[in-house]
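Biologist: Hi! Could you walk me through this one? I'd like to go piece by piece.

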Amino acid sequence: MGELSKLPNIGAVVEEQLNQVGINTYDQLKEMGSRQAWLKIKAIDDSACINRLYGLEGAVQGIKKSQLSAEVKAELKEFYNNCK
């Protein structure tokens with residue numbers, strides 16, 4: 001396992017997916033942002049759900065997804081619903 005799996009919410013599977021879409025470091029993930037990273041993962045894994053989006057945002061912020069604010073979760077949920 002590499003650098004990304006040391007982040008909150010990022011396990012081996014999500015790290016591998018991030019690597020497959022060209023994201024190999026925290027800086028790359030942070031620069032791209034959770035939404036764009038999730039869209040890239042969704043393109044290779046149709047099962048990518050809102051929890052993966054929350055997890056990516058938590059990783060960018062350095063917190064567990066359960067610690068995301070209600071406002072951030074609402075924004076992400078709106079984005080997710082618009083991507084269906």
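This is a predicted model: local features need pLDDT of at least 70, side-chain atom pairs count only at pLDDT 80 or more; totals for chains, interfaces and linings use all residues.

Biologist: Nice. Which other residues of α1 are buried?

Modeller: The buried residues of α1 are Val14, Glu15, Gln17 and Leu18. They are on the same side of α1, because they cover an arc of only 160° around the axis.

Biologist: What covers those buried residues of α1?

Modeller: The cover includes α2, α3 and α4.

Biologist: And which exposed residues are on the face of α1 turned away from its buried side?

Modeller: That face carries Val13 and Gln20, both exposed.

Biologist: Let me look at α1 and α3 as a pair. At what angle do they pack?

Modeller: Helix α1, residues 12-20, and helix α3, residues 34-44, pack at an angle of about 95°. Their axes are 9 Å apart.

Biologist: How would you describe that arrangement in words?

Modeller: Angles of 65 to 115 degrees count as roughly perpendicular, so α1 and α3 are roughly perpendicular to each other.

Biologist: Which residues make the contact?

Modeller: On the α1 side they are Gln17, Leu18 and Gln20. On the α3 side they are Ala37, Ile41 and Ile44.

Biologist: How do the residues of that contact divide into nonpolar, polar and charged?

Modeller: Four are nonpolar, two are polar and none is charged.

Biologist: Staying with α3, which of its residues are buried?

Modeller: In α3, the buried ones are Ser34, Ala37, Trp38 and Ile41. They cover an arc of only 100° around the axis, which puts them on the same side of α3.

Biologist: What do the buried residues of α3 pack against?

Modeller: They pack against α1, α2 (26-32), α4 (50-61) and α5 (70-82).

Biologist: New topic, cysteines. How many disulfides are there?

Modeller: Zero, from a search of the whole structure.

Biologist: How accessible are Cys49 and Cys83?

Modeller: Cys49 counts as partly exposed, at 28% relative accessibility. Cys83 also counts as partly exposed, at 31%.

Biologist: Now the segment before α1. What can you tell me about Ser5?

Modeller: Ser5 lies in that segment. Ser5 is buried, with a relative accessible area of 16%. Leaving aside its neighbours within four places in sequence, Ser5 is in contact with Ile10 and Glu15.

Biologist: And what about Gly2?

Modeller: Gly2 is in the segment before α1 too, and it is partly exposed, with a relative accessible area of 28%. From C-alpha to C-alpha, Gly2 and Glu15 are 7.8 Å apart in space and 13 residues apart in sequence.

Biologist: What is the phi of Asn9?

Modeller: It is near 75°, a positive value in a residue other than glycine. Asn9 is also found in the segment before α1, and at 31% relative accessibility Asn9 counts as partly exposed.

Biologist: Which residue with a positive phi follows α1?

Modeller: That is Gly22, with a phi near 90°.

Biologist: Last one: where does Gly55 lie, and is that residue buried or exposed?

Modeller: Gly55 lies in helix α4 and counts as buried, at 6% relative accessibility. Leaving aside neighbours within four places in sequence, Gly55 is in contact with Pro8, Asn9 and Lys65.

Biologist: Great, thanks!

Conventions: Residues are numbered from 1 along each chain as its sequence is written. Side-chain values use heavy atoms; hydrogens and water are left out. Axes are lines fitted to C-alpha atoms, for helices over the stretch in contact, and angles run from 0 to 180 degrees between N-to-C directions. Helices (H or I, at least four residues) and strands (E, at least two) are DSSP runs, numbered from the N terminus. Angles under 35 degrees count as roughly parallel, over 145 as roughly antiparallel, 65 to 115 as roughly perpendicular and the rest as oblique. Contact means heavy atoms within 4.5 Å. Ala, Val, Leu, Ile, Met, Phe, Trp, Tyr, Cys and Pro count as nonpolar, Asp, Glu, Lys and Arg as charged, and the others, Gly among them, as polar. A disulfide is a pair of cysteine sulfur atoms within 2.5 Å. Buried means under 20% relative accessible area, exposed over 50%, partly exposed in between (1.4 Å probe, protein chains only). The arc is that of the directions from the helix axis to the C-beta atoms.
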